[in-house]
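Open the model in your viewer and keep the selection tool at hand. The tour goes from the domains to their interface, then to a pocket.

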Amino acid sequence: MRHLMSPLDFSVEELDKLLDLANDIENNPAKYAHACAGKKLATLFYEPSTRTRLSHEAAMLNLGGSVLGFSSADSSSAAKGESVSDTIRTVACYADIVAMRHPKEGAPMVAAAHSSIPIINAGDGGHQHPTQTLTDLLTIRSLKGRLNNLTIGLCGDLKFGRTVHSLIQALVRYDNLNFVLISPEELRLPTYIRHDVLRRNNVPYKEVVRMEEALPDLDILYMTRVQKERFFNEEDYVRMKDFYILDKKKMELASKDMLVLHPLPRVNEISVEVDDDPRAVYFKQAKYGVYVRMALILTLLDIHVD
């Protein structure tokens, strides 16, 4: 039995196989429509979510399975003080696989240690968000045709952004990548990722404050929102929240084939006027999230479709 706690839980070869499966699901949905008939996915979301929860649920429903679960800690026995380990032991009696989001780093790891069914980490605090990373990898590979030989700009909240942390850790295993880290000083990428991930893997990167300075050189611009829920005081959030706004004028500085990704939700960091630009692929990205989660469910449940 396997769990998914981090994108590094899969080797590059296993990732390629998973992404190939996701592409096959995209192209042949009917082939997989009953693959999980009789199987149940439990979505245990101790933290609010739209895309991650609904895309996991859509993935299981598209595979012919069913879903159960809760969408906030208040609507579970966690509100009465039940531990994660007890919750997971109970839920394993009802379901075949679990997708779990929790505000505390490491909570899904605790669940996995006590679970008799596969656990998918659907986000734990500011730590990891591996299924978003799988979504990002599938989006880039499907639309760019490769995961190597790319210059990738990461913009916004690089300090607390778990999507950014997970994506960097996954991508450094591919060849000839350059990162441009675009953030204010207060929201810089954590030192441990700069030193232990980028430098240790000899991956070139540079840090800039101005988005305009980076745009002409990028193959991918990965925008992130400034996350209000990660700030300790309102003043700091208000000061930072509109630091970057991607608009039509800034898009004129970018190459004709640069892609704009965003894990969503967005607040003000991408103007709605950019939505009509063919380079803006963040809603396509949300769709790819369903295909890759379908592939992940099949992989963790060890279900093969001929």
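Start with the two centres: domain 1 and domain 2 lie 25 Å apart, taken over C-alpha atoms. This is a predicted model, where local features need pLDDT of at least 70, side-chain atom pairs count only at pLDDT 80 or more, and totals for chains, interfaces and linings use all residues. Residues are numbered from 1 along each chain as its sequence is written, and side-chain values use heavy atoms, without hydrogens and water.

Colour 7-128 + 287-300 as domain 1 and 131-285 as domain 2; these bounds come from an automatic or database domain assignment. Now select the contact (heavy atoms within 4.5 Å). Domain 1 brings 32 residues to it, domain 2 brings 27.

The two domains bury about 2,400 Å² between them, 55% of it on carbon and sulfur atoms. Buried area is the accessible area (1.4 Å probe) lost when the two parts are put together, summed over both. Show Leu19, Arg51 and Tyr288: they supply 26% of the area that domain 1 buries against domain 2, more than any other three residues.

Next, look for salt bridges (a side-chain nitrogen of Lys or Arg within 4 Å of a carboxyl oxygen of Asp or Glu). The rule finds two across this interface. Also select aspartate 20 and arginine 141, a salt bridge with its closest N and O atoms 2.8 Å apart.

Finish at the second largest pocket. Select Lys17, Leu21, Thr299, Ile303 and His304, the nearest to its centre among 13 lining residues. A pocket is an open set of points on a 1 Å grid over the protein atoms alone, where a 1.4 Å probe fits, with protein on both sides within 12 Å along at least five of seven lines; lining residues have an atom within 4 Å of a point.
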